[in-house]
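Biologist: I'm new to this one. Could you put it on screen and talk me through it?

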Amino acid sequence: MTDSNDLTNRAPTADESRAPIELIRDLESTSGYWAAVWTMCTLPDVHLICDAPIGCFNLVATAVPDYTDAIPHIHNITPSVMREQEVTMLGTAGAVRRTVEALRQLHPDKTLIVVSTAESEMISSDHSDWLSKLDPPVPFFWSQSLEGDEWEGRDRALLWLWNRFGRERAVPLSADDAQMVNIIGPTYGCFNSPSDLHEVKRLIEGAGGKVNLVYPFEATLKDTPRLSRGAVNVVMYREFGEALAKELGRPYLFAPIGIRETTEFIQQLGDLLGARAQADAFIAREKQTTLAPLWDLWRGPQGDWFPTTEFAVVAGRSYTEGLVRLLADELGMKLHFASGRPRRPGEMDNIQIRETLHKKQPAFLFGSLNEKIYLTEAQAKATHFIPAAFPGAVVRRALGTPFMGYSGVVYIVQEIVNRYYDLVFNFLPFDNVAAAGQPKEVANPLTAASRLVWSEAARAQLDRHLEGIPWISRISASRELRAQVEVYAVRHNLREVTPDTVEQALAATAAQR
Amino acid sequence: MSTITVPEGSPITPDLIETRAPSKLPAGHSVSPDHNLTPQTMCPAFGSLRVLTRIDGVQTAMVTDTGCLYGLTFVTHFYAARKSIAAPAFGTKELVAGNVAEAAIASCIEASKMPGTKLVAAISLCVAETAGLTEEMLPKQINGVDVILVRVPAYAIHSHPEAKDVAINALLKRYAPARAEVAEDGVERPLTYDGSNEEEEALRRKVIMLGEVFPADPISVDAVLKRLGSGLAATLPSRNLDDYKLARRVGAIAAVHPFYGGSVATLRAAGVPIISGAPVGPEASYNWIKAVAAALKLDADLAERVAVEERDKCKAVINQFSLNGRVMVCGYEGNELLYARLLVEAGAEVPYISTSIQKSLYTAADEAWLKARGTREIVYQKTLEQDVRALDRYKPDLVLGTTPLSAEAKQRGIPGMYYTNMLSVRPLFLSAGLAGTIQLIRDALERAPRYEWMREFFEGPRPPESAPAPINTMD
């Protein structure tokens, strides 16, 4: 048996001076292989062959998109079904070749693309050479699944599609195209993209543009050269897509979140399209219509409540920065913490986020399922979790739940206020009608608690416990914690509540849970 | 026809490539009429993760690449447990450095820090297996917490039910090792048994059920066993780690699902009698009760009385709610044959059954029973294409399938349900399990007009009916 101390506290041996091992909890961004599948399979005239064991196929094509994208399965992907013999002896060329042959017969009108996976890269299955000698050749995409992350992978897949299927057939911009705008970004596995895309299209048209191509989500592979007909490119996400926009060489803007950024987006797009007057008129109209609820809520009692409320965000780069801009900078809510994906230096990883949430929880947490689990671990009942990122099972296919644009501002604020109403409702006293007929088991010990004396130190101790609880819930929480301590004191026949009593009482209550 | 060029120096022996003229799919087909391309199973490794993450006090450390880790974390958090999962970053950098074992150990240490942890399961997946992570590289304990290695590369284990067996077997090998002695009476007993301990003696009269079942099933099974003077000591997979330690101390193991071959071998080596089959429907319930009584050497007359009574109760349920319709049972949970038996006994026609697990000794009895009662095809380690062709051939009234197959059925206006989500979440065993399942199936059959209405709404009126495809059982 190995000595446990040796394992946890030992000094590194000579050959361990290499990079320290990085630990992950509840990984939130997937690999280059997934990025390739989720990008390329949105193109209906493509059929992908993944050089994969059955598990890599099932997870990316069925098990996960069932619950992220609300589709039964991705239909245009087939695995090579790598088995033990392929891994240990044969290599996967035979399996890939059989799959190519079968799919050629089944889908003669589709472009087949073979994509590598972590396991095929592990055994160095590079098929580019022999696939290129087929007639017609089959493109091979090395997804770099053992390096980089989902975001780099998405960028690489988009660039590869353009370089391989678009660039050579690109047409020069004509005078007819002056209003044309591409939207680059949405694929499978992009949280909330149908609503955001709907809103971004609305903003583009409001600013005087016409949507040319939504790439790849509403395009075919054959459409790829048409990317060159966009006078302006709108990149949906800061986490990926910019590389393709740069390569296209036209001006580009990021899709906006928040009041100011949305306004600037419409103005800049108006300038780029030579339609500034139309853009300004659109903004003026929006203030009277789409955005009017924000102005009303701001002037109403709801607006007073924003500065007293704390929130945190763990999401993609666009959502993280956008929510901080809108909620903290513009509405004045308090930011507990924010951590974007891909993570930048100084931003918390999941291990740190977990520790932080175990200690103190905000009133609102925008995040993925991972943060929801950490809240569950902390038994944080007073925190509202609002889905804002994958991973997590959530249907976001309705068009009315945007985070982007003016509609997004109103939707997010509406969500927060409604959850606030829920919070208020849940803390109001009520009579339990169903239980009313049953005899009370014990006399209420709190009637005896009025005789208890609280020391100053004990009060201070209780306040310290309250600091970990979101502000909005603190009034009811203070009542609850105080009751727990007093019930404990009465049951133990104490006259005075000391700091020790507080600790013992709260520990005893926690243990009962 | 395109030509295939095999790259020079390739270790591949060129297979004979069939030359067929390129053919468009016939109308109504969405998959290949000629090929079996898409095996149907969850990622096999998920079976192990599901079993392990659900045990109290067990934390998992997954050694794998990021795509795999993301997907398996996702499905574990959806289907198994709200439990944080630790892992090492594991890509080219770490592989080049060759520190697979260090990475695995570091994540085991992180996992062991969770308060209340009794066991850390290091899950070794495709790339870690290929990199050569072995049991000897891991400590048996870290900070007083047990560590086991569970090896589930998807390329070698072909279905997720079979990966459940891998996980349970790893636990049994650790907590119920195969050590036994032959006593003077010729009966093999584990070393812990001295014949004098009352608690041990009581345990020797009980049964452990091996098979993931709905929580109500063990309750009804226990009630029947108690009438025989026995009882259920535990059900594996269990949420309680201690239940695995009981496995070699009970009188018999009832392996109610057919895919626990590894665990069964381990327990058999420990000298524990094994009962195969499950109490589904009148006939199997009768046989199962008698088999348990025989294995435990219980009062045979009493067993006959209890078994007959249970059979009559099952028949009464069936008389009350019988089924009428043609059902395809095509899940990937490994217990499809049991459900099919139940449906057949309740009056349904089940011409086609398919599953993800392999054919084995433990599927033989159910297969023979079903084939004697009208089932024409049973496909093991099936593919989506085989299932869809069966959909063409058999024109069922209801499909209990995988998600792609159920979607295909609904697209044709046929009622379909995802087997995993809908059938694995209700009781099945004995008379108590019958009623709920039969009613679910009856309701689904009666909903058929809605499926047709929805199909027509989205897809428009059906084209005129072409000649029905001849039934072909050559698959």
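Biologist: In which sense do strand β8 (residues 207–210) of chain B and β10(B) pair?

Modeller: First, a note: this is a predicted model, where local features need pLDDT of at least 70, side-chain atom pairs count only at pLDDT 80 or more, and totals for chains, interfaces and linings use all residues. Residues are numbered from 1 along each chain as its sequence is written, with chains lettered from A and ligands numbered from 1 in the order in which they are written. Strands (E, at least two residues) and helices (H or I, at least four) are DSSP runs numbered from the N terminus, and two strands pair if DSSP finds at least two bridges between them. B:I208 stands opposite B:I253 in β10(B), and over four bridges the sense is parallel.

Biologist: Are the residues of β10 (residues 252–255) of chain B buried or exposed?

Modeller: B:A252 and B:A254 point one way, B:I253 and B:A255 the other. The test counts other C-beta atoms, placed from the backbone, within 10 Å of a residue's own: 20 or more is buried, 12 or fewer exposed, in between partly exposed. Here the four are all buried.

Biologist: Which residue of β11(B) is the bridge partner of B:A254?

Modeller: β10(B) also pairs with β11 (residues 274–276) of chain B, in the parallel sense over three bridges. In that pairing, B:A254 has as its partner B:I275.

Biologist: Now the contact between the chains: which element supplies the largest share of the side of chain B that touches chain A?

Modeller: Contact means C-beta atoms, placed from the backbone, within 7 Å. It takes 74 residues from chain B and 71 residues from chain A. Several elements of chain B supply at least two residues each, including α1 (44–53) and α16 (403–411). The largest share, 12 residues, comes from α2(B).

Biologist: What is the bridge partner of A:R25 in β2(B)?

Modeller: Strand β1 (residues 23–25) of chain A pairs with β2(B) in the antiparallel sense, over three bridges. The partner of A:R25 is B:A86.

Biologist: Over in chain A, which strands stand at the edges of the open sheet?

Modeller: The sheet has four strands in the order β11-β10-β12-β13, with parallel pairing. An edge strand has a single partner, so one of its sides is left without a neighbour in the sheet. The edges are β11 (334–341) and β13 (384–387) of chain A.

Biologist: And which residue in β12(A) stands opposite A:F311?

Modeller: Three bridges join β10 (residues 310–316) of chain A to β12 (residues 364–367) of chain A, and the two run parallel. Opposite A:F311 you'll find A:F364.

Note on methods:
Two residues are in contact if their C-beta atoms, placed from the backbone, lie within 7 Å.
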